[in-house]
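Hi,

Here is the structure I said I would pass on. Have a look at it first, and then read my notes below.

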Amino acid sequence: MRTPDEIRISNRATYWPIAPIDLVVGAPLVVRALWGVTPLGRVVQAAVLGAYLGSALRDWRDRRGIRRIDFRREFGADLQHLVPMPREVREAEVRTLAERLNDEFIPRRSGRRELAVEVDRHLTLYIAGITGQRVRTSAAVRGFTLAGLAFPFALGACDILSGDIAIFKDTGPLEPHVLAHEFSHRKGYWKELPAQALAYLALVASGEPVLRQAARLERLYRHLRVLAGEQRVGMALRPELRKALGELRPASSAVGRQLEAGMRRLYDARMRMTGQAGISDYDLGFTNFLYTFETSTTARQTPPAA
């Protein structure tokens with residue numbers, strides 16, 4: 001059966017005043033503190049859980065009609081088919097990206113709501129350009145969920161059941177990519193490498209200077225993480241951009257670093273259990289994907305000029 005050329009996913013829970021997963025987790029604690037284990041308390045807990053699952057079920061039903069991208073066919077690369085990027089090529093690309101970012105720097109910022117709508121529009125158009133189908137979703141973003149406390153190293157998070165998205169910190173010129181990554185999850189691409197790739201490609205193809213800047217800065221940042229601990233790469237970056245990258249991983253106490261390391265191991269294990277390579281998909285996998293795509297002789301898509 002042919003799926004329609006436009007899919008609308010309601011994402012009703014994303015418009016709730018409080019993150020839906022926070023309500024599910026917090027409601028039993030609040031109810032017990034106020035009323036104890038009473039019939040009224042159980043009714044309130046059941047109502048919250050029912051509303052959450054009802055919204056998730058509605059979105060799941062809508063997503064069944066999505067035409068998903070075949071990454072291997074379209075880009076010549078997927079999770080299982082990546083060509084390792086040679087170190088010398090990676091280092092040369094770091095210098096090239098830094099030069100372009102310095103020369104074409106744009107300080108202009110939009111409000112998060114306005115930026116989210118713009119990013120969602122370009123991501124929708126990019127995916128539709130491949131699949132022929134526009135996947136319409138919410139562009140709502142919140143600034144806090146309890147997940148931000150549990151995973152202090154994360155920049156944002158998407159609840160895979162409700163599609164609820166939170167951005168935990170102001171990432172400055174990188175924010176368009178953070179938004180596009182999380183919106184890719186909302187549109188049905190739950191694994192991290194595909195979300196990274198779609199976010200980057202959509203922003204680069206957008207033609208919007210601020211969005212292209214975010215994509216290039218993300219690519220540079222991920223290269224630098226891969227090269228961490230190796231020989232320093234000769235690179236000079238504008239103070240504004242250097243400051244933005246430095247604030248992504250602020251210094252923490254010894255206890256904080258131990259907690260973050262433990263949560264990273266837990267998150268890495270969760271990713272591996274779902275058929276991913278682990279946290280390295282964010283940087284090593286992502287940059288290898290782009291290298292594979294841009295050197296592929298079988299990809300149906302043409303790499304956008306970065």
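Let's start where two helices meet: R87, R90, E91, E93, V94, L97, R100 and L101 in α4 touch Q213, R216, L217, R219, L220, H223, L224, V226 and L227 in α9, where contact means heavy atoms within 4.5 Å. That contact is made up of eight nonpolar, two polar and seven charged residues (Ala, Val, Leu, Ile, Met, Phe, Trp, Tyr, Cys and Pro count as nonpolar, Asp, Glu, Lys and Arg as charged, and the others, Gly among them, as polar). Helices here are DSSP runs (H or I, at least four residues), numbered from the N terminus.

Before you go on: this is a predicted model, where local features need pLDDT of at least 70 and side-chain atom pairs count only at 80 or more, while totals for chains, interfaces and linings use all residues. Residues are numbered from 1 along each chain as its sequence is written, and side-chain values use heavy atoms, leaving out hydrogens and water.

Now to α9 itself. In this helix, 14 of its 19 residues are buried (under 20% relative accessible area, with exposed over 50% and partly exposed in between; 1.4 Å probe, protein chains only).

R300 lies in the segment after α12 and E74 in helix α3, so the pair ties together parts 226 residues apart in sequence. R300 is exposed at 55%, whereas E74 is buried at 2%.

Cheers
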